[in-house]
Amino acid sequence: MPERDEEEGMRFETRAIHAGQDPEPVYGAVNVPIFQTSTYAQEGVGKPKTYDYARGGNPTREALQNVLASLEGGARALCYASGMAAESTLLLLLRPGDHVVLPDDVYGGTYRLLARVLSDWGLAFDTVDMTDPDALRKAVRDETRVVWVESPSNPLLKIVDIALAAEIAQEAGARCVVDNTFATPYLQRPLELGADVVVHSVTKYLGGHSDLVGGAVVVRDDELAERLAFLQNAVGAVPGPMDCYLALRGVKTLAVRMEAHCRGARRVAEFLAGHPGVARVHYPGLPEHPGHDLAARQMRDFGGMVSFEMGGADEAIRVAEATRLFFLGESLGGVESLIEVPGPMTHASVAGSPLEVSPALVRLSVGIEHPDDLVADLDQALG
């Protein structure tokens with residue numbers, strides 16, 4: 001991955017702190033203020049200074065959007081009240097009869113949105129193993145408008161060739177949308193690989209402290225950005241200024257946190273791969289992972305997520321309930337380590353579908369604690 005953006009003249013770590021975040025002009029505050037307001041005084045009837053109403057715009061939100069666009073290398077970013085709000089607003093660009101191609105282990109909430117909400121409005125979708133380019137080509141049809149990519153995927157950590165998926169999508173007249181939540185722009189830049197749109201759950205690594213809920217869409221096309229900005233205001237699923245402020249704070253340390261997440265995850269994955277009680281480990285940083293070489297080419301490092309399989313559901317639950325440092329909980333990407341059993345937790349919405357997750361699967365979000373302490377915790381939990 002390139003370490004320097006020549007257009008902006010600053011490296012990633014510097015842009016995370018400075019892009020869109022100049023000192024506040026009145027008092028010189030080095031942090032973007034929390035503009036906790038619902039409306040703005042206007043200079044005349046129909047003559048706002050910049051914003052007229054906070055649903056349409058807020059300076060704190062604007063700062064977050066600017067830095068996310070910079071970090072992803074996009075023309076513009078739009079922020080929303082949650083990752084699902086970002087996805088829902090993006091998919092409102094589609095029309096009845098349009099078709100979406102999803103990964104066969106897509107995040108359960110994304111599947112639920114298509115299967116139980118938008119399908120009622122005439123949207124169709126199919127799921128496919130996107131690590132197989134031929135299968136992806138066959139899944140795309142004349143009505144396909146979106147090829148939705150997760151890489152690494154949730155929860156099996158599959159690696160998809162983003163450049164190839166984007167090429168297949170665009171040849172069919174569709175957009176390639178990449179959920180970059182697991183990788184973050186520090187590890188992977190899908191727009192530079194040819195994708196049209198990037199989506200994030202800002203709740204996760206971008207925020208990084210498990211204290212906010214938010215989402216974002218980043219695009220490289222100005223016309224598409226304008227359409228999404230209209231929908232952002234018209235639909236109204238916008239984040240509050242406090243959440244934007246917390247996300248701005250989190251983004252400043254994204255680079256150093258991701259280095260720690262990756263270091264810890266690598267250590268944990270290597271330990272699990274050598275443990276006799278673990279049936280299989282899913283982590284792209286392991287040389288035996290089928291997507292290892294591809295991940296090494298399109299990512300800076302391999303991320304902070306690790307999944308592993310036990311002998312059965314009872315064993316998976318036993319381990320998840322026995323850890324002390326890994327908190328049992330949903331979500332991911334915070335400084336603290338989390339453990340969950342996706343089947344009955346984050347991926348319960350795909351139960352009974354072709355995407356149903358093995359009940360023996362355990363998912364880890366490896367935090368920034370000392371890796372040796374995390375390994376010791378897993379060792380005692382595995383017994």
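The model is predicted, with local features requiring pLDDT of at least 70 and side-chain atom pairs counting only at pLDDT 80 or more, whereas totals for chains, interfaces and linings use all residues. Residues are numbered from 1 along each chain as its sequence is written, and side-chain values use heavy atoms, with hydrogens and water left out.

**The whole chain**

Among contacts (heavy atoms within 4.5 Å) between residues at least 6 apart in sequence, 71% join residues at least 24 apart.

**The loop between β8 and α6**

Next, select the loop between β8 (144-150) and α6 (162-171), where Pro152 lies. A cis peptide bond with omega of about -5° joins Ser151 and Pro152. Pro155 is in this loop also, and a cis peptide bond joins Asn154 to Pro155, with omega about 20°. Most residues other than glycine have a negative phi, and most peptide bonds are trans.

Within this loop, centre the view on Leu157. Leu157 has a positive phi, near 60°, in a residue other than glycine. Is Leu157 buried or exposed? At 2% relative accessibility, Leu157 counts as buried.

**Thr184 in α7**

Move to helix α7 (residues 184-187) and select Thr184. Its phi is positive, about 65°, although Thr184 is not a glycine. Thr184 is buried, with a relative accessible area of 1%.

**Helix α4**

Select helix α4 (residues 108-117) and show the side chains of its buried residues, among them Tyr111, Leu113 and Leu114. Which elements do the buried residues of α4 pack against? They pack against α3 (83-91), β6 (99-103), β7 (124-128) and β8.

**Helices α10 and α13**

Select α10 (residues 254-273) together with α13 (residues 371-382), which pack at an angle of about 30° with their axes 9 Å apart. Axes are lines fitted to C-alpha atoms, for helices over the stretch in contact, and angles run from 0 to 180 degrees between N-to-C directions. The contact is made by residues including Val268, Phe271 and Leu272 of α10 and Leu374, Val375 and Leu378 of α13. By class, this contact has 8 nonpolar, 1 polar and 3 charged residues.

**Helices α2 and α9**

Finish with α2 (residues 59-72) and α9 (residues 241-252), whose axes are 8 Å apart at an angle of about 35°. Residues making the contact include Leu64, Val67 and Leu68 of α2 and Tyr245, Leu248 and Val251 of α9. Here the classes are 11 nonpolar, 1 polar and 1 charged; Ala, Val, Leu, Ile, Met, Phe, Trp, Tyr, Cys and Pro count as nonpolar, Asp, Glu, Lys and Arg as charged, and the others, Gly among them, as polar.

Definitions and conventions:
Helices (H or I, at least four residues) and strands (E, at least two) are DSSP runs, numbered from the N terminus. Buried means under 20% relative accessible area, exposed over 50%, partly exposed in between (1.4 Å probe, protein chains only).
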